[in-house]
Amino acid sequence: MRYPITPIYCLPSLLQGLSTRLIESHYENNYGGALRRLNAISEKLESLDFAKTPPYVVNGLKRDELTALNSTLLHELYFASLGGAAANTARGNFCDAKPPAGFADVFARDFQSADRWHDEFVAMANGLAGGSGWVLLVYVPRDGRLINQYASDHSQAVAGGIPILALDMYEHAYHIDFGSNAKAYIDAFMRNVDWKAVQGRYEDAAKVEPPRPLVQPEFGAVEGVGPDEVKAMIDAGRPLQIIDARPRHFVSRQQDIMEGAQWRDPDRVQDWSAELSKSEPVVVFCAYGFHVGCKTAIALKDAGFDAKYMKGGHSAWKAIGGATKMVGAGS
Ligand SMILES: [Fe+2]
């Protein structure tokens, strides 16, 4: 495919403390260069017979494609991040070059405060002074929150993340105006951030759904708790009856068991459920949190127990670093 060019978005002459010469050079030579490389690589890839092309050639081209594509995308976001007070005033929009009041709540949610976000973002940028890379503000749909991240060599990205603000810390972004004074460039960039545009991108990004969770429709009525919640209950000293209901062949194959759990045969719930107290909650789990744990939880609930299954089962418990002991070691 041929990647189209994106207009510069901001009017360079309206930026404060960043010269038109700098912005034009950056857009035409560096953004334009990345786009031209991307299209040349794309054309080359489309011409290849992959079955007859040495793997190292494909490897190199695909890596170069990733670098050029991300450089193109991040430069487009960089220019779209600029506009600042003067540009917004010219458009007749409110702007004080700071996050709008409603948007500041989002920064408070994810960074404790807008000021603290600003300090981290700027500290990260200063950390790249004399080096190179990007500082990005990224929305992560999985967690429904913003984070600041570095992107070195154009190609580091949070999987599934949506960048909404980009600060270019490659020297070509500032040396014409600032020489090696990266700090002055960072200050100028921050004064020119078009917060109205950033907020618009955030609002779009926040509509993206997180990855679809594991759904087990047949057990939809069974209440589950995550291993983190179980650990928090244990750490808080809450009374909890923990049942490892992995099928017998799992337990004989894997020699460890969750600390504090009792193994009970899921095929014989009726035989051992009378040992449990109905006045304390029960958490039951199997190997991965699928059928066996859910079915056992249902059987216990039907018998009148306050029972839930642990999502992700024994493996999820181990994956969060939960304590285990060897089977047969101690009580
Ligand atoms: Fe750049």
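Student: Which helix holds Asn70?

Tutor: This is a predicted model. In it, Asn70 falls within residues 55-81. That helix is H2.

Student: Is Asn70 buried or exposed?

Tutor: Buried means under 20% relative accessible area. Asn70 has 14% relative accessibility, so Asn70 counts as buried.

Student: What is the geometry at the iron ion?

Tutor: The iron ion is coordinated by His26 (NE2), His75 (NE2), Asp168 (OD) and His172 (NE2), at 1.9 to 2.1 Å. The angles among these four donor atoms run from 89 to 129 degrees. Four donors count as tetrahedral if all angles lie between 85 and 135 degrees. So the site is tetrahedral.

Student: How many residues apart are His26 and His172?

Tutor: The pair links distant parts of the chain. His26 is in helix H1, and His172 is in the loop between S3 and helix H6. They are 146 residues apart.

Student: Is His26 buried or exposed?

Tutor: Apply the cut-off of under 20% again. His26 has 1% relative accessibility, so His26 counts as buried.

Student: What span should helix H5 have?

Tutor: H5 has 14 residues, at 1.5 Å a residue. The expected span uses one less than the number of residues.

Conventions. Residues numbered from 1 in each chain as written. Predicted model: local features only at pLDDT ≥ 70, side-chain atom pairs only at ≥ 80, totals over all residues. Heavy atoms only, no water. Helix = DSSP H or I, 4+ residues; strand = E, 2+ residues; numbered from the N terminus. Buried < 20%, exposed > 50% of the residue type's maximum accessible area, 1.4 Å probe, protein only. Donors = N, O, S within 2.8 Å, 3.2 Å for Na, K, Ca; no water. Tetrahedral: all angles 85-135°; square planar, octahedral: opposite > 155°, others 65-115°.
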